Amino acid sequence: MELLSNALAHRSVPDRYGFPPDKGPVLLAHDHSPDVAFPVAAEIIRAGKEFGFFQVVNHGVEEGVVRGFREAAAGFFAMLAEDKLPYCSYDMSKRFRLATSTFYDSGETRYWHDYIKFRGYPASNQNARHWPSKLVNFTPSLVEYSAAVHELAQTILCLIAEGLGLDGTFFTGNLSRGDTHMSINYYPPCPDPTLTMGLLAHCDRHLLTVLSQADVAGLQARHGERWLLVHPIPGAFVVNFGHQMEIVTNRVLASMEHRAVTNSAAARMSVATHVHPTDGCRIRPASEMVDEAMNPARYREFAFREFMEAYDAADASREEVLQSFMINHD
Ligand SMILES: O=C(O)CCC(=O)C(=O)O
Ligand SMILES: [Fe+2]
């Protein structure tokens, strides 16, 4: 019998071991079967508790799919000013909008970036009819990219649930089934990076973010009093927890503030996929994460929609927005 373990080392995978792509192994560094999933799940929880951020490689999203959409998105920012003008808006209810700096700068110093925001998944007609049709590659490459990243996010959510000792499907219902919101942030090279900030310090308002930053550094995550650079790993996705993850896990997995800095050498573009609960989803600390005597619920129950409104009213300030949802046990 030709056992795999009979060979000292394998230089390549023989053809007969290669599944066709639609049946093949998906995602992450390991096969997602119960015996090997646990180390990945445990690793995610360890990194998540320590940093609120981690990076994923060998995630199963094809390199060409990422490159294809990144090129199309870069093409959007490279369009002539007059072609971009119709998309420009600070009206948050617009389903596809282009803007600069941030909605939350209160007219003060601007942040050195332009961005587009839109609903990227599912590719329903309701979402897709707002995507820029003039750019021929945009829609087809987005359809591929957003479906693949959705799949990856669902797998990561299963692993997080397992790592926390929850049912594997804990996050994959209404907590993650709202339309996926995407932000594409474009930071042109800046003549003096010592003067500018690319993006304000903030926590993400939803459940989970899966971000492609390619190979240009700029993202920093708060760690205590310090800001740590999230080093670009070619082809990796950066994953971080949003406010809803912190609330549902009763602060076991906290949402960390992050921001972006600029550089003078190269343009930077990040593609952020924000996994949202459904608007009406009721959010509360999971009963499994609460112990009335030792670890009581730190947040009250609310509808996700309510949180979205509070976040805007608080100009994305972490302390301010959480205040109206926190239960004080002192
Ligand atoms: O540009 C980055 O790396 C960060 C983007 C970000 O935090 C966001 O879009 O929420
Ligand atoms: Fe963010």
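Me: Which element gives the largest share of the lining of the largest cavity?

Reply: Rolling a probe the size of a water molecule over the atoms shows where empty space is left. On a 1 Å grid over the protein atoms alone, a cavity is a set of points where a 1.4 Å probe fits but cannot get out, a pocket is an open set with protein on both sides within 12 Å along at least five of seven lines, and lining residues have an atom within 4 Å of a point. Here α5 gives the largest share, 4 residues; helices (H or I, at least four residues) and strands (E, at least two) are DSSP runs numbered from the N terminus. This is a predicted model, where local features need pLDDT of at least 70, side-chain atom pairs count only at pLDDT 80 or more, and totals for chains, interfaces and linings use all residues. Residues are numbered from 1 along each chain as its sequence is written, chains are lettered from A and ligands numbered from 1 in the order in which they are written, and side-chain values use heavy atoms, without hydrogens and water.

Me: Which residues line the largest cavity?

Reply: Val149, His150, Ala153, Gln154, Ser176, Thr180, Thr273 and Val275 do. Two or more of the lining residues come from each of α5 (138-163) and β11 (268-275).

Me: And which residues are closest to the centre of the largest pocket?

Reply: The largest pocket holds about 1100 Å³ of space. Its lining has 48 residues, and Lys117, His181, Ser183, Arg205 and His274 are the closest to its centre. Elements that each supply at least two lining residues include β3 (114-121), β4 (180-187) and α7 (304-313).

Technical notes. Grid points are joined across faces, edges and corners, and a volume is the space filled by probe spheres set on the points.
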